[in-house]
Amino acid sequence: AKRRVSAAEGGGAPLSLFPNVSIEAHGSVITLRNNGATTLRAGEYGQPAYRAILKFGDTDRWIALPKDLHPGESTTIEVQAERPITLTNALEGIPIVDETPAAEVQ
């Protein structure tokens, strides 16, 4: 009988359900960095796209990535926002189950 081999046994990476993204702020420029082991997709591949939800004051702003973010890559966006800013990870079209911020910048 053939035995099924999991992605982890076969040397592949398991699917990461919770991205490891950090946030930095310098003035109005916000940097999002993919610190995880999987690529964050911008949404051009028939799957839900990664979205960063930035919360500041009474505002929630959904940010779409301008391109895929491979492990170790970062992207910058410009946002006029008061501090602190919190980051919540989300996928386009999928309800958020846990709204606990993934990161915060003062």
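Is Arg 51 buried or exposed, and what is its relative accessible area? I looked this up and found Arg 51 buried, with a relative accessible area of 13%, where buried means under 20%, exposed over 50% and partly exposed in between, computed with a 1.4 Å probe on protein chains only.

Before going on I noted that this is a predicted model, in which local features need pLDDT of at least 70 and side-chain atom pairs count only at pLDDT 80 or more, while totals for chains, interfaces and linings use all residues. Residues are numbered from 1 along each chain as its sequence is written, and side-chain values use heavy atoms, with hydrogens and water left out.

**Salt bridges**

I counted 4 salt bridges in the structure, taking as such a side-chain nitrogen of Lys or Arg within 4 Å of a carboxyl oxygen of Asp or Glu. In one of them Arg 51 is joined to Glu 92, with the closest N and O atoms 3.2 Å apart. Arg 51 belongs to strand E3 and Glu 92 to the loop between E6 and strand E7 (103-105), so the pair ties together parts 41 residues apart in sequence; strands here are DSSP runs of at least two residues, numbered from the N terminus. Glu 92 is partly exposed, at 39%.

I then looked at Glu 99, which forms a salt bridge with Lys 55 at 3.4 Å between the closest N and O atoms. Glu 99 is in the loop between E6 and E7 and Lys 55 in strand E3, so parts 44 residues apart in sequence are tied together.

For Asp 68 and Arg 41 I found a side-chain salt bridge of 3.1 Å, N to O. This pair links the loop between strand E4 (59-64) and E5, where Asp 68 lies, with the loop between E2 and strand E3 (50-56), which holds Arg 41, 27 residues apart. Asp 68 counts as buried at 10% relative accessibility, whereas Arg 41 is partly exposed at 31%.

**Asn 89**

I located Asn 89 in strand E6 (residues 85-91). Its side chain makes a polar contact with the side chain of Tyr 50 at 2.5 Å, a polar contact being a pair of N or O atoms within 3.5 Å, where within protein one must be able to donate a hydrogen and the other to accept it, and residues adjacent in sequence count only if both atoms are side-chain atoms. The backbone oxygen of Pro 19 lies 3.4 Å from a polar atom of the Asn 89 side chain.

**Sheet**

I traced an open sheet of 3 strands in the order E1-E2-E5, with antiparallel pairing, where strands pair if DSSP finds at least two bridges between them.

Key. Helix = DSSP H or I, 4+ residues; strand = E, 2+ residues; numbered from the N terminus.
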